[in-house]
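Please work through each task before reading its solution.

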Amino acid sequence: MKKSLVTLLFIPIITYSQSFNTDIYYGDQLCGIAQMALNPNNSLSFTSSSQLNTIEFPDSFSVDLANTALNKILFQIGASRDRFIIQACPNIKNALAVQLGGVRYILYDQNFIVQVADNFENSNWGEIFILAHEVGHHINNHSVDLLLAENINSESKLKQREQELDADLFAAFIISRLGGSLEEIVSVIENISNNINDQKSSHPNLEKRLKAVKVGFERGIGNNTLDFYNSTPLQTAEEYFNRAILNELKENYDAAIYDYNKAIEIDPFNHNALYRMGVAKKEKGDYFGSIKNHTKLSDIYPQWYKPYSEIGTAYYEIGDYNSAIRFLDTSIQKKNRAIEFKDYNNFSESDENDSYLDYFNRGQAYLKVRMYDEAFNDFKKVIELNKNNHRAYSQLSQIYILNNEYYLALSSINKAIEYNPSGSKNYFNKAVILDIIHQSTLDEIDDFSDEEDKVEILKNALDFKLSEIENYNLAIKFDNEYAVAYRSRGVAFEYIANRIVSYDNQLLDYYLQLSEKFNIFYNKSLKKSNESAYDYYMLSACNDWVIASSLGNTDSTTWISDYCN
Ligand SMILES: [Zn+2]
């Protein structure tokens with residue numbers, strides 16, 4: 001099914017209680033949060049921060065290598081790979097173990113760990129040691145919840161130093177089990193620590209860390225894995241929930257739904273599991289199942305807006321636009337009320353970033369039932385809340401067209417292009433608007449126009465026509481399989497061909513001034529006449545139709561046999 005609604009890149013889960021965070025993150029957003037937590041004075045900004053670290057190391061530790069290393073590490077202790085998410089973050093200058101919304105993450109900066117690992121004898125043991133160290137934090141349940149912690153150093157320094165030694169010991173154990181050497185570990189430790197008094201530091205000094213890795217390494221030779229980890233079957237609601245999330249991220253929706261059900265069986269009021277199960281059902285296309293889940297959730301938490309929002313978008317997907325509007329209405333009202341009364345049980349700050357979504361989706365539903373004024377107001381609201389929203393500008397421009405306000409449509413589509421300069425559809429839509437304006441310009445010619453006025457109007461119209469063609473060019477540039485764009489550009493070329501032979505040389509001269517491309521062709525042409533210009537543009541039209549036809553456009557197929565030889 002064609003995705004017509006806006007969905008977010010990250011998967012937001014309930015932030016229902018202040019005591020725990022339940023959003024799950026990945027990609028840039030996860031790295032951004034990590035970066036902010038590591039450096040709380042920085043504002044959350046992905047672009048500016050990535051500029052801080054642009055040095056590329058030639059032997060950067062790849063994501064594939066990291067995943068392989070993680071598999072090896074976990075295999076040694078029999079821990080399930082499904083309990084961790086590993087993610088490279090290019091700008092955190094660190095490696096860390098964090099837990100967010102119950103999911104365990106290992107984040108690492110590729111350049112950082114390559115630098116620290118020192119690439120001892122061209123092996124990757126240093127990098128593996130650092131990852132194993134972070135796994136060690138998880139295995140020992142050290143990992144902090146980034147969004148809960150005031151900053152990453154919230155544990156007492158003494159406790160932190162103990163935890164670092166636990167993680168070192170674990171990592172050295174792993175390296176020893178995997179066949180690495182103690183020297184390689186020592187080389188990393190020497191790189192990251194010194195023997196200055198560590199009383200005020202979160203990390204222990206060199207001597208202590210060397211002692212820890214030595215113990216761990218020897219324990220690895222002793223082969224006693226149970227000292228670190230007891231592999232047990234999943235049994236708590238939380239464990240099922242975690243595995244479900246990982247399956248959902250991998251788009252294994254059936255497996256995810258199975259686990260959410262398990263979590264709900266154990267804990268019937270697990271609102272996170274109920275919510276995510278509804279989302280997972282929607283993702284796999286089971287819209288009625290999704291509505292059922294969210295309805296149940298809205299019975300348990302009647303003041304919470306999110307189930308209504310989900311039900312609304314599910315109805316949209318089904319094609320029941322009136323129900324979609326009704327539920328999105330309710331969602332918007334409940335959310336606005338929660339914000340007004342500072343009801344933090346029913347909305348969170350992270351919800352505020354996507355406030356525009358319900359308006360956008362309701363606007364889409366209003367368009368479907370032809371309630372254009374209502375749709376217009378919703379898209380205006382989207383822009384008020386999210387000012388660079390190119391999709392809202394693009395929809396506004398469509399509504400302006402329906403109201404015959406073509407210059408307003410043009411300025412809206414220009415905004416959409418400004419905020420999304422590589423969107424081929426916007427250029428196509430702009431071309432369509434220019435075509436309409438072109439036509440309305442020609443309509444100014446009437447029986448009372450004198451010849452001079454007529455030529456002026458025609459020249460003016462040609463300006464619009466050529467700029468229309470420019471926009472088809474851009475639409476095709478960003479999507480070279482855009483059949484309708486080829487078709488329509490062909491029509492524009494054909495139009496110009498016919499205009500040239502229907503007027504005298506005044507117009508031809510002007511065309512020559514206006515179009516350099518035409519000029520070049522014309523000067524090379526033997527005929528040097530209107531007829532040669534006609535041939536040139538008809539050839540261009542036919543070329544476009546051949547491409548459009550090969551991409552499945554049936555109009556073009558007909559036109560080729562009718563007009564092209
Ligand atoms: Zn550590």
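**Exercise 1.** In this predicted model, determine how helix H13 (residues 306-318) and helix H16 (residues 355-368) are oriented relative to each other, and identify the residues that form their contact.

*Solution.* 
Step 1. The axes of H13 and H16 are 11 Å apart, and the two helices pack at an angle of about 30°.
Step 2. Angles under 35 degrees count as roughly parallel; H13 and H16 are therefore roughly parallel to each other.
Step 3. The handedness of the H13 and H16 crossing is left-handed.
Step 4. H13 contributes Ser309, Gly312, Thr313 and Tyr316 to the contact, and H16 contributes Asp358, Asn361, Gln364 and Ala365.
Step 5. Sorted by class, the contact of H13 with H16 comprises two nonpolar, five polar and one charged residues.

**Exercise 2.** Carry out the corresponding analysis for helix H18 (residues 390-402) and helix H19 (residues 406-419).

*Solution.* 
Step 1. The axes of H18 and H19 cross at roughly 165° and come within 8 Å.
Step 2. Angles over 145 degrees count as roughly antiparallel, so this description applies to H18 and H19.
Step 3. The crossing of H18 and H19 is left-handed.
Step 4. From H18, the residues in the contact are His390, Tyr393, Ser394, Leu396, Ser397, Tyr400 and Ile401; they meet Tyr406, Leu408, Ala409, Ser412, Ile413, Lys415, Ala416 and Tyr419 of H19.
Step 5. The classes in the contact of H18 with H19 are 10 nonpolar, four polar and one charged residues.

**Exercise 3.** Is Tyr393 buried or exposed, and which residues does Tyr393 touch beyond four places away in sequence?

*Solution.* 
Step 1. Tyr393 lies in helix H18.
Step 2. A residue is buried if 20 or more other C-beta atoms lie within 10 Å of its own; Tyr393 has 24 such neighbours inside 10 Å and therefore counts as buried.
Step 3. Leaving aside residues up to four places away in sequence, Tyr393 touches Ile383, Ser412, Lys415, Ala416 and Tyr419.
Step 4. Tyr393 and Lys415 are separated by 22 residues in sequence, while their C-alpha atoms are 6.4 Å apart.

**Exercise 4.** Describe how the residues of strand E2 (residues 95-100) are covered and how E2 is joined to strand E3 (residues 103-108).

*Solution.* 
Step 1. E2 is mostly covered, with six of its six residues buried.
Step 2. Ala95, Ala97 and Gln99 point one way from E2, whereas Leu96, Val98 and Leu100 point the other way.
Step 3. E2 and E3 run antiparallel and are joined by six bridges.
Step 4. Gln99 has Arg104 as its bridge partner in E3.

Key: Residues are numbered from 1 along each chain as its sequence is written. This is a predicted model: local features need pLDDT of at least 70, side-chain atom pairs count only at pLDDT 80 or more; totals for chains, interfaces and linings use all residues. Axes are lines fitted to C-alpha atoms, for helices over the stretch in contact, and angles run from 0 to 180 degrees between N-to-C directions. Helices (H or I, at least four residues) and strands (E, at least two) are DSSP runs, numbered from the N terminus. Angles under 35 degrees count as roughly parallel, over 145 as roughly antiparallel, 65 to 115 as roughly perpendicular and the rest as oblique. A crossing is left-handed if the near helix is turned anticlockwise from the far one by less than a right angle, and right-handed if clockwise. Two residues are in contact if their C-beta atoms, placed from the backbone, lie within 7 Å. Ala, Val, Leu, Ile, Met, Phe, Trp, Tyr, Cys and Pro count as nonpolar, Asp, Glu, Lys and Arg as charged, and the others, Gly among them, as polar. A residue is buried if 20 or more other C-beta atoms lie within 10 Å of its own, exposed if 12 or fewer, and partly exposed in between; C-beta atoms are placed from the backbone. Two strands pair if DSSP finds at least two bridges between them.
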